[in-house]
Amino acid sequence: MESSIAQSIHRGFERESWEPVNNGSGTSEDLFWKLDALQTFIRDLHWPEEEFGKHLETRLKLMSSDMIESCVKRTRAAFEAKLQKSSRSTDFRVPQSICTMFNVMVDAKAQSAKLCTVDLGQERQYHSQIDDLIEETVKEMITLLVAKFMVILESVLAKLSRYDEGTLFSSFLSFTKPGMDIADGYVTFVRHSQDMLREKVNEEVYIERLFDVSKPRLLHQREA
């Protein structure tokens with residue numbers, strides 16, 4: 001049972017396109033549906049032996065915790081790989097796939113509350129552990145995306161400095177066409193990134209956290 005679902009996850013992530021499917025991706029939606037269907041099936045059997053039924057329920061909750069953990073880790077790895085392969089200039093556009101990966105985290109957190117909770121004692125053991133993992137993973141994903149923005153800003157500043165007439169500040173005020181084109185490209189990149197993330201990511205808290213982290217770093221880089 002566990003190995004069958006685990007193999008399904010592995011195959012799913014190997015060919016995952018990260019196109020949005022309902023609240024997440026094709027693989028995450030399939031996983032959460034299977035886990036929920038399995039738990040519902042076992043629960044509806046109404047085992048006459050209460051202790052055995054409780055044992056099965058606990059086993060399924062633990063299995064769900066393991067499967068969601070695997071989903072979160074595979075999504076995080078795909079997120080980093082996607083950013084590493086993407087453009088390092090203002091041509092970069094936040095793709096739908098990045099937003100889908102954030103949404104997988106949002107859905108994983110919601111599903112874990114249902115799929116990984118047995119009772120108050122074991123909730124702390126299973127559900128809270130997954131919550132902590134998701135929270136830490138989202139922080140890492142935000143850090144990776146902010147680092148991407150920083151690399152692009154550094155590239156822009158390096159190009160603008162070539163048109164500097166004495167100070168870095170004057171390069172921003174310069175009306176020479178090359179410098180203005182570079183600055184305009186950066187503004188377009190920032191606006192597109194903000195619009196895409198706000199429109200496509202299902203959790204506003206994640207977006208606010210991303211912008212809260214990125215603004216001080218970007219301002220510091222401009223002043224450096």
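1. Axes are lines fitted to C-alpha atoms, for helices over the stretch in contact, and angles run from 0 to 180 degrees between N-to-C directions. On that basis, H2 and H3 pack with their axes 10 Å apart, at an angle of about 175°. Contact here means heavy atoms within 4.5 Å. From H2, the residues Ser28, Leu31, Phe32, Leu35, Leu38, Gln39 and Ile42 meet Leu56, Leu60, Lys61, Met63, Ser64, Met67, Ile68 and Cys71 of H3.

2. The model is a predicted one, in which local features need pLDDT of at least 70 and side-chain atom pairs count only at pLDDT 80 or more, while totals for chains, interfaces and linings use all residues. Residues are numbered from 1 along each chain as its sequence is written, and side-chain values use heavy atoms, with hydrogens and water left out.

3. The secondary structure comprises nine helices and zero strands, where helices (H or I, at least four residues) and strands (E, at least two) are DSSP runs numbered from the N terminus. The order of elements from the N terminus is α-α-α-α-α-α-α-α-α. Of the 224 residues in the chain, 41% count as buried; buried means under 20% relative accessible area, exposed over 50% and partly exposed in between (1.4 Å probe, protein chains only). Among contacts in the chain with a separation of 6 or more, 74% are between residues 24 or more positions apart.

4. Helix H4 also packs against H3. The axes of H3 and H4 come within 10 Å and cross at roughly 165°. That makes H3 roughly antiparallel to H4. The crossing of H3 and H4 is left-handed, a term for a near helix turned anticlockwise from the far one by less than a right angle (right-handed if clockwise). The contact involves, among others, Ile68, Cys71, Val72, Thr75 and Phe79 of H3 and Ile98, Met101, Phe102, Met105 and Ala108 of H4.

5. H2 and H4 form a further pair, with axes that come within 11 Å and cross at roughly 5°. H2 and H4 are therefore roughly parallel to each other. In H2, Ser28, Glu29, Phe32, Leu35, Asp36 and Gln39 meet Val104, Asp107, Ala108, Gln111, Lys114 and Leu115 in H4.

6. A search of the whole structure finds five aromatic pairs. Rings of Phe, Tyr and Trp (its six-membered ring) pair if their centres lie within 6.5 Å; planes under 30 degrees apart count as stacked, over 60 as edge-to-face and the rest as tilted. The ring centres of Phe79 and Phe102 are 5.3 Å apart and the planes lie at 75°, so this pair is edge-to-face. Because Phe79 belongs to helix H3 (residues 50-85) and Phe102 to helix H4 (residues 96-115), the pair ties together parts 23 residues apart in sequence. Phe79 and Phe102 are both buried.

7. Phe149 and Phe189 form another edge-to-face pair, at 5.5 Å centre to centre and 75° between the planes. Phe149 lies in helix H6 (residues 127-161) and Phe189 in helix H8 (residues 177-200), so the pair ties together parts that are 40 residues apart in sequence. Both Phe149 and Phe189 are buried. Ring pairs also link Phe92, Phe149, Tyr186 and Phe189 into a cluster. Lys148 lies over the face of Phe92, at 5.3 Å from the ring centre; the criterion is NZ of Lys or CZ of Arg within 6 Å of the ring centre and within 35 degrees of the ring normal.

8. Trp18 lies in the loop between helix H1 (2-14) and helix H2 (26-44), and its phi is near 65°, a positive value in a residue other than glycine. Trp18 is buried, with a relative accessible area of 8%. Asn22, in the loop between H1 and H2, is likewise not a glycine and has a positive phi of about 55°. Asn22 counts as exposed, at 66% relative accessibility.

9. Thr100 is found in helix H4 and is buried, with a relative accessible area of 1%. Neighbours within four places in sequence aside, Thr100 is in contact with Trp18, Glu19, Pro20, Gly24 and Ser25. The C-alpha atoms of Thr100 and Val201 are separated by 7.2 Å, although the two residues are 101 residues apart along the chain.

Conventions
Parallel < 35°, antiparallel > 145°, perpendicular 65-115°, else oblique.
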